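The following note comments on selected local features of the model.

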Amino acid sequence: MWYKPMFISLAMFGLMAPAFAQQADGGVAQKNNPLLQQTVLPQFDKIRPEHFKPAIEQLLKENRAVVKKLLTQKKYTWDNLVEPLETANERLVFVWSTINHLNAVMDSKETRKAYESCLPLVTKYFTELAQNTKLYNAFESITQSDQYKNFDPVQQRVIQNELRDFRLAGVNLPAQKKQFFMKLTQRLAALGNKFDSNVLDASQNWSICLTKKQTQGLPEHALALGAANAARKNKKGWCFSLDAPSYQALITYADSRAVRKKTYIAFATRASDVGPTAGKWDNSKNIDAIFKIRHKLAHLVHFNNYAEYSLATKMAKSPTQVLEFLNGLVEKTLPAGKKEFIELETFAKKHGVKKIEPWDIAYYSEQLSQKKFKLSQEELRPYFPDTQVLDGMFAIAKRLYGITIKEKKDVPVWYPTVRFFEIYDAKGKLVGQFYADLYCRENKRSGAWMDDYKTRRLLKDGAVQIPVAQLVCNFSPPVDGKPSLLTHQDVITLFHEFGHCLHHLLTKVDYASVAGIKNVPWDAVELPSQFMENWCWQPEALKIFAKHYKTHEPIPKQLLQNLLASHHYHAATQMLRQLKFALLDFRIYLEFDPKKNNQLKKITDQLDKKINYLPIYKDARFPHSFMHIFSGGYAAGYYSYKWAEVLSADAFSKFEENGIFDQRTGREFLQNILEAGGSEDMAVLFKKFRGRDPKIDALLRQNGVI
Ligand code: ZN
């Protein structure tokens, strides 16, 4: 459930601002390259890995020429520098996003190789740009001009962001150090990519095939998935890998403790030096190298550590503020978490478990939940066929924001099940578009994310560039002629990613570098996404999209009551889990010392002692698949989820006060938060919407902690 940035160096430096529409001059071969043909949407039906590198090389050549030409001018203005540079980069970013996206969702030997050959080139270009002293001085000179005083505040913000990003990329360093910074950045991008590939390979290349007896406890849905996997592999029985639907099914439902143990160990040791595939896709060295490089990068630009560097572009002001925030939440949540565990342990003991192990937690949690709330997640699935949930989610967005979402057919896609949607505003004007790739499959990276594919901007001729987003999930695909039936958790994930999409697509900002989610501080970017999750818990909203896929009946009253009663079930445990990850991530970057060894383990042990009351598997290697902080842009920023949750819970509490479909409150959220994008400080935007500063109470209440 996370927003995945396009790639690391863009996330680090902010986007230098994109797009010059220039003709390719590379002859016939280039003219036929679908990545270089200036279509509004990518020609996914024509793009092949062999097109990647020639397209990138061509665009980099053109962009370098543009930059060079721009810098021959005597006096710099918005129109002769900022705008044309944005135009040039926007085109490159669009093509690069396409390549990056295909690498994440259509992995193959060829795609991977072609992507890897482009990655250092693109990283080099953006670092070069961010370190270009002449360009920096040109931007700086605009701030000294009379023109600057007349800029609107958003334009001023664009320039100030750019200047900050130049400094964070080491623009003021001597040449040799700049070069070193560049090398480190390129190396970091390659390591992040390698980290992701290892996790994908380790997840896909492990499998377990079960006999009939071993499948005991598995719901019908999981059996269908396992049988389909077995058939594809020409094997007998029911087969599962470590992708999310497989792992969740086994760890939650398999009665066989041995099956759960085997699966848990494989999952907890993915891409590491231990476990069933020990050393094969091991991320240990990548982790060490990533820590070291980030530390060096931060040092080069005069920060004490990467945690401080990370905060330079965030809402939180200092490491102390972040640590106090996280530790404060731990303190408030710990008693409730311990109580939850004692109840679980007692329940497991009653069922003959002498000592509860990590592979028992999900299983007995589910059993206890079934007993307490008479609720089985599987019982809910038939009420959540994916298409109906999508339609309902769109209907909710219409009531809140007055927008209409329609599917558009015959748009080229990369896989037959991918769908494409268009968003129209209340006046019927097209404002945004997005692809939805919902099902898991081999060769697709795990998790769920939104990708900011194209950003809104006002073009020179007065036309508007329509923003485009990718909504990617890994739900169980339709099997046995049934539609894809989602769990309630899947529905929450879908609403979450959709919230990111709306933030990016409903923006009204005219400058790409601060439109949509661009330049929204990382610790505020999860506000609109977590905010949308709330509608998955409201009976009035569920009525709209939860209907049995065969009978179209709503969720029976009792089942609905049981679902709602379970809202805070193990919420403290979940919160503490997130807090532990957040503290681990932040502390390791804050305390990192290149001269010391095993710091990750030391901090993990300390946190386990302080926070964890759950059983621990001694060889677990969770960091080895923690893509958020090693490749996903959340380094020293995982705390952002909780930070933004304070904002999202408090924002939602206004809807609780006024009615969850209150039109006025919906429009206020639209105007003050969604449409504003990164054009103003989130603290200011939030206050405009809420009428006051954020309070933490709503978060604690919504998690059942107070
Ligand atoms: Zn997210």
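**Notes on selected side-chain and metal contacts**

1. The side chain of Arg 621 comes within 3.2 Å of the backbone oxygen of Asp 619. A further polar contact, of 2.9 Å, joins the Arg 621 side chain to that of Asp 273. Polar contacts are pairs of N or O atoms within 3.5 Å; within protein, one must be able to donate a hydrogen and the other to accept it, and residues adjacent in sequence count only if both atoms are side-chain atoms.

2. This is a predicted model, in which local features need pLDDT of at least 70 and side-chain atom pairs count only at pLDDT 80 or more, while totals for chains, interfaces and linings use all residues. Residues are numbered from 1 along each chain as its sequence is written, and side-chain values use heavy atoms, with hydrogens and water left out.

3. Arg 621 is placed in the loop between α24 (599-610) and α25 (627-630). Helices (H or I, at least four residues) and strands (E, at least two) are DSSP runs, numbered from the N terminus. Not counting residues up to four places away in sequence, Arg 621 touches Ala 268, Thr 269, Ser 272, Asp 273 and Val 274, where contact means heavy atoms within 4.5 Å. Ser 284 and Arg 621 are separated by 337 residues in sequence, yet their C-alpha atoms are 9.3 Å apart.

4. The zinc ion is coordinated by NE2 of His 496, NE2 of His 500 and two OE atoms of Glu 526, at 2.1 to 2.8 Å. Donors are N, O and S atoms within 2.8 Å of the metal (3.2 Å for Na, K and Ca); water is not among the atoms, so sites may look incomplete. The donor residues follow the spacing H-x3-H-x25-E. Within this set, His 496 in helix α19 and Glu 526 in the loop between α19 and α20 are 30 residues apart and link distant parts of the chain.

5. Why is the zinc arrangement irregular? The 4 donor atoms subtend angles of 51 to 141°. Four donors count as tetrahedral if all angles lie between 85 and 135 degrees; four count as square planar and six as octahedral if opposite donors are over 155 degrees apart and all others between 65 and 115; anything else is irregular. Both His 496, at 1% relative accessible area, and Glu 526, at 0%, are buried. Buried means under 20% relative accessible area, exposed over 50%, and partly exposed in between (1.4 Å probe, protein chains only).

6. The model holds 41 salt bridges, each a side-chain nitrogen of Lys or Arg within 4 Å of a carboxyl oxygen of Asp or Glu. One of them pairs Glu 128 with Arg 64 at 2.8 Å, N to O. This pair links distant parts of the chain, with Glu 128 in helix α5 (residues 109-130) and Arg 64 in helix α3 (residues 49-70), 64 residues apart. Glu 128 is partly exposed at 28%, and Arg 64 is partly exposed at 32%.

7. Asp 510 and Arg 456 form a salt bridge whose closest N and O atoms are 2.6 Å apart. Asp 510 lies in the loop between α19 (488-505) and α20 (527-533), and Arg 456 in the loop between β6 (449-454) and β7 (457-458). Asp 510 is partly exposed at 26%, whereas Arg 456 is buried at 14%.
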